[in-house]
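Colleague: I'd like to learn how to read a model like this one. Where do we start?

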Amino acid sequence: MVPARAASPANQHFATCPLCEAACGIAVTTRDGVITDIRGDTDDPASRGHICPKAVALKDLHEDPDRLRQPVKRVGGEWVQISWREAIDLTVRGIQGVQRRHGSDALAVYLGNPTVHSLGAMLFAPAFSKSLRTKNRYSATSVDQLPHHLAALFSFGHPLLIPVPDLDHTDCWIIFGANPAVSNGSLMTAPDVVKRLKAIRARGGEVIVIDPRRTETAELASAHHFIRPGTDGLALMAMLNVIFTENLVKLGRVADFIDGLDALREACAPFTPARVSAATGLPADTIRALARKLATTERAVAYGRIGVSTQEFGALSCWLINALNIVTGHLDVPGGAMFTLPAVDLLRGGGMYGGSGRFGRWKSRVRGLPEFAGELPVAALAEEMETPGEGQVRGLVTHAGNPVLSAPNGARLEGALSNLEFFVAIDFYINATTRHAHVILPPTAGLERDHYDLVFHTLAIRNTAKWSPAVMAAAPGARHDWQILSELIMRLSRGGPLTRVKAWGVSMLVNLLGVRGMLKRALAGSRYGAQVAFDALQGAPHGVDLGALTSVLPQRLRTANKRIALAPDLMLADVPRLAALLERPAAGADELVLIGRRDLRSNNSWMANSERLVRGKQRCALIIHPDDAASRGLVDGAMARVQSRVGGIEVEVAVSDAVMAGVVCLPHGWGHDREGVRLRIARAHGGASHNDLTDDQRVDALSGNAAFSGTAVRVQLVAE
Ligand SMILES: Nc1nc2c(c(=O)[nH]1)N[C@H]1C(S)=C(S)[C@@H](COP(=O)(O)OP(=O)(O)OC[C@H]3O[C@@H](n4cnc5c(=O)[nH]c(N)nc54)[C@H](O)[C@@H]3O)O[C@H]1N2
Ligand SMILES: Nc1nc2c(c(=O)[nH]1)N[C@H]1C(S)=C(S)[C@@H](COP(=O)(O)OP(=O)(O)OC[C@H]3O[C@@H](n4cnc5c(=O)[nH]c(N)nc54)[C@H](O)[C@@H]3O)O[C@H]1N2
Ligand code: SF4
Ligand SMILES: [Mo]
């Protein structure tokens with residue numbers, strides 16, 4: 001008999017899932033350096049054991065043979081592995097060459113979404129982007145939450161003063177254009193949001209969803225109302241109109257530091273429920289009932305997310321949601337829309353948005369889209385690459401971004417990428433975007449690095465703090481994002497010898513301190529004192545609970561006069577554009593409008609190389625209403641051609657009355673099966689890209705944010 005080999009002991013690690021804003025606590029078991037189990041950390045004070053299927057897929061990401069662990073350069077059609085030294089040299093020469101030949105602005109930089117989920121990248125990517133001294137700085141902000149930042153900046157004085165719904169204490173949650181049951185919550189770190197939503201109903205409260213699709217969240221809600229895509233601004237104005245005309249205004253605790261009530265009353269006066277009903281698809285009585293419900297429920301809150309920010313009236317809609325909460329007495333009070341007090345406060349010092357954040361200091365060269373916080377809207381990137389003249393973009397750096405699949409009119413952008421003189425991607429996958437790069441610098445991935453959530457502690461429905469050391473060892477010689485970025489900052493620093501010596505000195509110091517050292521210093525200045533000192537966090541692997549959100553105004557306001565601007569000038573100036581929507585002629589008879597969706601097992605464009613997340617029925621299907629399907633001869637499972645102004649794709653259809661008539665719904669982040677993409681599993685489940693249909697010329701004119709929702713499309717049966 002062969003004696004059984006003694007099993008080596010299992011190790012348990014506690015960490016934070018870096019994939020989405022819920023930032024769930026995870027418990028990872030390893031044996032002999034291999035992940036054997038990932039589950040929810042029941043002792044995490046925020047997530048209480050909750051995880052979704054993506055956390056388990058962190059094992060697949062860690063082990064993925066397609067993930068790059070060494071830099072590569074493209075030689076003809078082939079990728080060749082190179083040393084870090086050669087890769088950094090090539091990158092520095094490539095960037096400097098473009099800027100020397102064509103000027104600083106000829107280099108563009110794009111920071112993608114996972115940047116904010118990495119402590120190291122958060123500490124270095126904004127500085128890196130700034131250090132390139134180009135006006136062509138871009139990020140995923142402008143295909144996402146930019147309108148929410150503007151609403152916060154204009155009314156409260158800082159782009160990160162975004163109020164979050166106090167879910168655990170509210171009795172009425174009105175949701176516009178968000179599907180937290182699937183997205184796990186956004187601009188609202190609320191892990192286990194479904195349980196929290198059910199708790200609202202269990203205590204006798206209501207959850208009301210306003211969405212062009214009867215979503216997974218709507219199925220759990222007390223009520224759901226269909227709304228025509230892109231018309232929330234009208235509905236919100238009409239709700240305000242009801243609140244003013246029925247004398248339901250109640251300012252509550254903010255009454256003493258608020259300006260603009262009369263201007264708001266005037267602005268919403270023309271938008272009666274009866275006038276907006278046809279355009280929005282909401283019966284006038286429904287609008288009145290919603291307004292009354294919000295105004296007369298003691299603990300209530302209106303909340304909006306992607307569906308209201310990525311549309312033509314994104315900034316106005318985000319502003320109006322805040323305004324509704326304010327005039328009904330629900331701002332900065334329990335159960336309403338509240339602000340956090342994070343242990344590391346991004347409102348202090350420079351932070352991600354360089355102090356208070358600015359807007360409109362310059363415009364994009366070709367279309368004149370406005371700058372925000374030093375960045376231009378990514379909807380302008382393709383035309384900036386294609387249009388000749390001084391300042392034409394000829395080089396690109398991407399960090400954790402896949403704009404070919406995530407920016408509007410991705411196909412146009414893709415075409416422009418292939419003409420660049422130099423393109424370096426800081427990324428660990430060869431995907432639809434990075435396959436066009438000349439050099440790829442792959443950083444470590446989620447479980448291989450230390451984590452503290454700078455951004456999502458700032459947007460959480462409860463104040464908590466959590467430090468998680470890396471769970472897994474990185475490959476030998478691997479580099480973290482921050483190490484790549486800090487080296488590039490140093491190597492690219494310009495100016496005289498003194499400046500360069502200074503940059504070198506700073507870089508040496510940073511390398512000595514590391515990310516831990518920087519965090520330690522930030523925590524040392526925290527308002528929570530010893531409770532969140534680095535050592536204390538190290539001794540609390542599940543995280544530290546700092547309590548429910550509390551009232552923080554007016555102290556926390558960052559407006560110059562320390563007052564809330566209820567009716568900011570830039571918002572008021574945009575109202576006529578909204579009014580014009582009421583006069584817009586109806587769409588062509590055969591035209592439908594497109595909206596997006598997310599899937600529990602998707603993570604934007606980039607976790608599709610995990611078999612467990614993509615197996616089963618193809619989820620990249622177009623949901624179409626039975627009437628619209630019938631009139632086109634489409635049945636469930638048929639293939640349809642979908643055509644917009646900019647392009648066309650073919651997808652399977654799913655016939656369902658969960659979408660309103662006239663609306664079709666397709667997820668984004670698909671379309672992986674392209675030549676040269678090195679994602680074996682993702683390619684086999686490729687799907688088509690939603691953003692081959694969306695239009696780079698359709699933006700929210702005020703913010704410049706992409707207007708994905710409401711893209712006009714024609715849908716036809718594909719003949720066998
Ligand atoms: N599983 C999963 N989770 C994710 C992500 C993912 O890819 N997959 N991505 C993460 C990211 S980066 C983000 S930003 C968040 C987003 O988080 P959410 O905003 O909750 O995400 P969505 O599921 O896209 O929800 C948007 C909703 O808006 C609706 N909608 C579309 N147009 C309109 C409109 O004009 N008006 C109204 N009222 N509604 C409209 C859509 O039907 C959809 O239900 O999710 C995050 N979480
Ligand atoms: N039509 C439509 N388009 C959308 C949306 C929509 O709802 N509808 N949603 C938008 C939203 S909310 C967002 S946030 C954007 C996302 O848009 P992007 O940020 O451009 O794209 P992602 O799909 O998040 O791709 C992330 C990339 O980062 C890489 N990556 C992952 N982790 C790391 C890391 O730690 N370091 C580095 N250096 N790289 C890493 C991945 O390999 C991948 O290439 O998409 C937007 N696009
Ligand atoms: S909801 Fe899922 S993806 Fe998001 S943090 Fe939690 S486990 Fe990770
Ligand atoms: Mo996002």
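**Ligand contacts and strand pairing**

Modeller: Start with a contact: a nitrogen atom of ligand 2 lies 3.0 Å from a backbone N or O atom of I426. That falls under polar contacts, which are pairs of N or O atoms within 3.5 Å; within protein, one atom must be able to donate a hydrogen and the other to accept it, and residues adjacent in sequence count only if both atoms are side-chain atoms.

Colleague: What should I know about the model and its numbering?

Modeller: The model is predicted, so local features need pLDDT of at least 70 and side-chain atom pairs count only at pLDDT 80 or more, while totals for chains, interfaces and linings use all residues. Residues are numbered from 1 along each chain as its sequence is written, chains are lettered from A and ligands numbered from 1 in the order in which they are written, and side-chain values use heavy atoms, with hydrogens and water left out.

Colleague: Which side chains make polar contacts with ligand 2?

Modeller: D427 is one of them, with a side-chain N or O atom 2.6 Å from an oxygen atom of ligand 2. N691 is another: a polar atom of its side chain lies 2.9 Å from a nitrogen atom of ligand 2. Then look at cover. On its own, ligand 2 has 910 Å² of accessible area, and the protein covers 97% of that. Such areas come from the Shrake-Rupley method with a 1.4 Å probe; for residues, only the protein chains shown count as cover.

Colleague: How many residues are around ligand 2, and which come nearest?

Modeller: There are 30 residues around ligand 2, and Y110, N113, D427, R449 and S605 come nearest. A residue is near a molecule or strand if one of its heavy atoms lies within 4 Å of it. By class, the shell has 13 nonpolar, 12 polar and five charged residues. Here Ala, Val, Leu, Ile, Met, Phe, Trp, Tyr, Cys and Pro count as nonpolar, Asp, Glu, Lys and Arg as charged, and the others, Gly among them, as polar.

Colleague: Which domains supply the shell of ligand 2?

Modeller: Domain 2 (72–144 + 346–498 + 533–545) and domain 4 (585–717) each give at least three residues. The bounds come from an automatic or database domain assignment.

Colleague: And ligand 1: how many residues surround it, and which are closest?

Modeller: Ligand 1 has 31 residues around it, with D211, D232, D599, S602 and N604 the closest. The shell divides into 10 nonpolar, 14 polar and seven charged. Domain 3 (166–333 + 556–577) and domain 4 (585–717) each contribute at least three residues.

Colleague: Which residues surround ligand 3?

Modeller: C17, L19, C20, A22, A23, C24, I51, C52, K54, A55 and N184. Its shell has nine nonpolar, one polar and one charged residues.

Colleague: Now sheets. How do strands of a sheet pair?

Modeller: They pair through backbone hydrogen bonds, either parallel or antiparallel. Two strands count as paired if DSSP finds at least two bridges between them. One open sheet here has three strands in the order β1-β2-β3, with antiparallel pairing.

Colleague: Why is one side of β1 and of β3 left without a neighbour in the sheet?

Modeller: β1 (11–16) and β3 (34–40) stand at the edges, so each has a single partner strand. Neighbouring strands are turned by 25° against each other on average, direction ignored. The angle is taken between axes, which are lines fitted to C-alpha atoms (for helices, over the stretch in contact); angles run from 0 to 180 degrees between N-to-C directions. β1 pairs with β2 (residues 25–31) over six bridges. In that pair, A15 stands opposite I26.

Colleague: Which residue takes a positive phi in the hairpin of β4 and β5?

Modeller: G76, near 65°, in a hairpin with two residues between the strands. β4 (residues 72–75) and β5 (residues 78–81) are antiparallel, with four bridges. V72 has Q81 as its bridge partner.
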